[in-house]
Amino acid sequence: MLFVSNRNHSRGGVLIVVLKLHEINFELTKMVLLHLALELATIYNGRLKVSRVCSEIEELSKHGTMLPPDMLGLTDEQVEELHLVDEWADKCVPSGGWSLSPDPVGRRNGRQPQEKMQDILEKAVDDARTMISKKLIDQGSVMQQKIVQDALDLLRGAVTIVYPMQLPPHDPIRMEFLNTEDLTGTQASLEVIEPSKMQLWFAGKLMLSDRKLGEIVGNNEKTKIIIKLSKINEGAPSREPVMSEEAKKQLTLHAYRRQEELKKLEQDDDDQYLNSSWSDSRSLKRQVHGLDDVKFRFTK
């Protein structure tokens, strides 16, 4: 993920590459550290929200809306035995109708939107993921809070087109859009970092929030630094590996090629050189006596 403020790095400003779990997350151009952690937390957590919504929309496209909490994970027989009814199934119908596609994990009602509506959802997911992709760093692109919000708006628009009557209030997609999601007990809750509990690290040292960025990295505007995020009481993040993944691949490839060359040399005939003229131990003596190029011809 990458982030940059409203200043262009080529014209000035400190370029900050933030690493989280050894991955480039976002870049930022900003001269002071004040409110930096808040902005980074907003971008970081916002990108996680986009990823969660994209994953849920993929399931929405395959198996329809979310079942009520009291019907989650139950089989059809159990639902019938308990006399449970999904009251939102007929209220939240996708445009163009639906086809039956049961959810194997029992989370969604199995009313899959038609193919054209699926294409709308899938395209929105692909576009949103591209907008927040970490590959944009290699292209020199930058990320702002507005781009994350635009990605969420894009997803919200696609869902509204397919479900004009909105999703059920208990559907995680709708809850994400309304910022009422409950991540308690999920893996996602471990990834989210509250702004008040975020710490910034640079060069193995904690960056104190009351200091200016220039006091830590100097006043050279065209500077690039790498910092890391962590939660309070987690301690200093681990150091980055000495070699990148690409360098490791190249080293492994070189070692493989060298091993193949050695195998080929071992298979060669060690005595093959004896047929060469330079390996003849008597060639120097014949040259001295002028017998190096003597030819014989027998006649009667």
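Colleague: What makes Lys123 count as exposed?

Modeller: This is a predicted model, where local features need pLDDT of at least 70, side-chain atom pairs count only at pLDDT 80 or more, and totals for chains, interfaces and linings use all residues. Numbering runs from 1 along each chain as its sequence is written, and side-chain values use heavy atoms, with hydrogens and water left out. As for the label, buried is under 20% relative accessible area, exposed is over 50%, and partly exposed is in between (1.4 Å probe, protein chains only). Lys123 has 52% relative accessibility, so it counts as exposed.

Colleague: And why is Lys123 said to form a salt bridge with Asp127?

Modeller: The rule wants a side-chain nitrogen of Lys or Arg within 4 Å of a carboxyl oxygen of Asp or Glu. For Lys123 and Asp127 the N to O distance is 2.9 Å, so the pair passes. Asp127, at 29% relative accessibility, counts as partly exposed.

Colleague: How do you know that Lys123 and Asp127 are separated by about one helical turn?

Modeller: They sit four residues apart in helix H3 (residues 115-131), hence the one-turn spacing. An α-helix has 3.6 residues a turn, so residues three or four places apart point the same way. Helices here are DSSP runs (H or I, at least four residues), strands are E runs of at least two, and both are numbered from the N terminus.

Colleague: What is the story for Arg156 and Asp153?

Modeller: Their closest N and O atoms are 2.7 Å apart, which makes a salt bridge. Both belong to helix H4 (residues 145-162), three residues apart, or about one turn. Arg156 has a relative accessible area of 29%, so it is partly exposed, and Asp153 gets that label because its value is 35%.

Colleague: How many salt bridges does the rule give?

Modeller: The count is 14. One of them joins the side chains of Lys49 and Glu181, at 3.1 Å from N to O. That pair links distant parts of the chain, 132 residues apart: Lys49 is in helix H1, while Glu181 is in the loop between helix H5 (172-177) and helix H6 (187-191). Lys49 and Glu181 also belong to a network of salt bridges with Arg52 and Glu176.

Colleague: Is Lys49 buried or exposed?

Modeller: Buried, because its relative accessibility is 10%. Glu181 is partly exposed, since its relative accessible area is 25%.
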